[in-house]
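Trainee: Could you walk me through this one before I start working with it?

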Amino acid sequence: MDPKQILAPIKERWQALPRSRQVLFAAAAAGLLTTVIYLAVLIAQPAYAPLFTGLEPKQAGKIAEELKNMKIPYRLEDEGKTIAVPEGQVYNTRIQLASKGMLADSGAGLELFDRQKFGVTDFEQQVNYQRALQEELRRTITSLDEVEQARVHLVLPRESLFLDNQVEPSASIALKLKGELKPEQVKGIMDLVVGSVQGMKPENVHIIDMEGNVLSDNLALADERARLARLSMEQYQVRRQYEKELETRIQQMLTRILGPNKAVAMVTADMDFDQRQVTTTTVQPGQTLSQQTITESGSGTGISGVPGTPSSQPGSTVPALTGGNSQYQKQQTITNYQLGSQQQTLVAAPGTLRRLSVAVVLNGNYSAPQLQQVQDMVSAAVGLQQNRGDQINVSAMPFDTSYLDQFRQETAQPPTMLASLKKYWPVAAGAAGLLMGLLLLILFIRRRRRRAYELEAVEEMPETPVVTGHVPAPEETPAQPGRAQQIRDIAREKPAQVAEILKVWLKE
């Protein structure tokens, strides 16, 4: 068939259309063609999936350059922080980039020691260990959801043989956060660093964010406040337990003597929780270290005296020794002792009692000798010491028992109500019996009415003749009145009989 013959009718119809419709159809056809082409291109284009996210501009540039060299199509998303590649090439591309060291996590951790070189000095080995440890800590910290990036700087001093030259290690961590870190998370980062670096102490770990806020100081302050609050609570509990123990002892003693609810005792203890250390040094007589004795002796003749004496000095008035030889003797002893000392260190345990105050109130009127006896007994029971500043006060006055009396009356009210119920139980039993009788009567009347209605329905039911041949159509039966209406009709027609039936039922 000739194509011209097929297109001729279409051309005639097209020319017969108005100019406006021709333009409309042409625009619709162009739009349809454009949509089809766009959908075809979109379907043919491969789906892209994120290769790396959260990249820095420098890292993104290196990875994009490498992807160009590898001739792998890619797209930049999220303002250049995310690189997407075709979905089928994501894992293969990651492996290739990882083998070339182009991953976003470009720092080298413990894999630095996988490629050892000959001739490495101790200093280079120490530096490599520090770099690897910093990178491993950074990777662990950035695994938190709230941390976007982290920088870890460690100061690892070299070990020294001299104790005075040893320096404690320290760490500084800078965090770029996505959200707010909780105090327990900051504590976790500190514990991570303390557990990873030998000799690291928590106070030497400093954590800041990109806004310059020191997160570790806030944590230290919170820990110190918590520690002080916990210490204060523990001290309060110790003091209160000691006071309760003394109060219980006094109360038990007075209850055995005066009876229950006859005395009230309160104790206030002033305790010292400061820890003191006292060092005492006592000098004691020691042993003899050395002893030196010098002895001088001599003799002489003439008028002169003993050398060194007044008679031997020029112009001396002491008469000279005459007539024979003179002798002298001199002895000097020097003794060195080693003094002994005894040093005693006494550490006072926290929680010592500084002062005790006791107050006892007796219920009723007591004489002064009786109050003095009670005071002496209580003082002996709690170990009161006047020289320590302890004080005790024993007084007597009537207790206010109105509240206790009211409580006893309220608790005694239920037995009274129970007694009143027991008093009227015959009336309640009679009322219950009467109610039960009325219920039974109503049930009996309903049963008799039902039987009477059934008997009347059976008697009035016409016999159905048996007819062979043509069966006439059944006539419409008028609606039967309800039972209540039937009973009313019977009572209206036969009031005397109904009255007799009710009398018989009541007698039964």
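Trainee: What does the chain average in pLDDT?

Mentor: This is a predicted model, and the chain averages a pLDDT of 77, with 79% of the residues scoring at least 70. Over residues 314-322 the pLDDT is below 50, although this stretch has 10 contacts in the model beyond near neighbours in sequence. For residues 461-479 the pLDDT also stays under 50, and there the model has 0 contacts beyond four places in sequence. Where pLDDT is low, the predicted coordinates should not be read in detail.

Trainee: OK, now the sheet with β10, in what order do the strands run?

Mentor: The order is β7-β10-β11, an open sheet of 3 strands with mixed pairing, and its edge strands, β7 (263-272) and β11 (391-397), each pair on one side only. On average, neighbouring strands of this sheet are turned by 10° against each other, if direction is ignored.

Trainee: And in which sense do β10 and β11 pair?

Mentor: Strand β10, residues 352-363, pairs with β11 in the parallel sense over 7 bridges, and Val-358 stands opposite Ile-392 in β11. Helix α8, which spans residues 368-382, packs on the sheet and touches both β10 and β11, with its direction at about 140° to that of β11.

Trainee: Switching topic, is Phe-52 buried or exposed?

Mentor: Phe-52, which lies in strand β1 (residues 48-52), counts as buried because its relative accessible area is 11%, under the 20% cut-off.

Trainee: How far is its C-alpha atom from that of Val-85?

Mentor: The C-alpha atoms of Phe-52 and Val-85 are separated by 9.5 Å, while the two residues are 33 residues apart along the chain.

Terms used
Residues are numbered from 1 along each chain as its sequence is written. This is a predicted model: local features need pLDDT of at least 70, side-chain atom pairs count only at pLDDT 80 or more; totals for chains, interfaces and linings use all residues. Side-chain values use heavy atoms; hydrogens and water are left out. Helices (H or I, at least four residues) and strands (E, at least two) are DSSP runs, numbered from the N terminus. Buried means under 20% relative accessible area, exposed over 50%, partly exposed in between (1.4 Å probe, protein chains only). pLDDT is the predictor's confidence in each residue, from 0 to 100. Contact means heavy atoms within 4.5 Å. Two strands pair if DSSP finds at least two bridges between them. Axes are lines fitted to C-alpha atoms, for helices over the stretch in contact, and angles run from 0 to 180 degrees between N-to-C directions.
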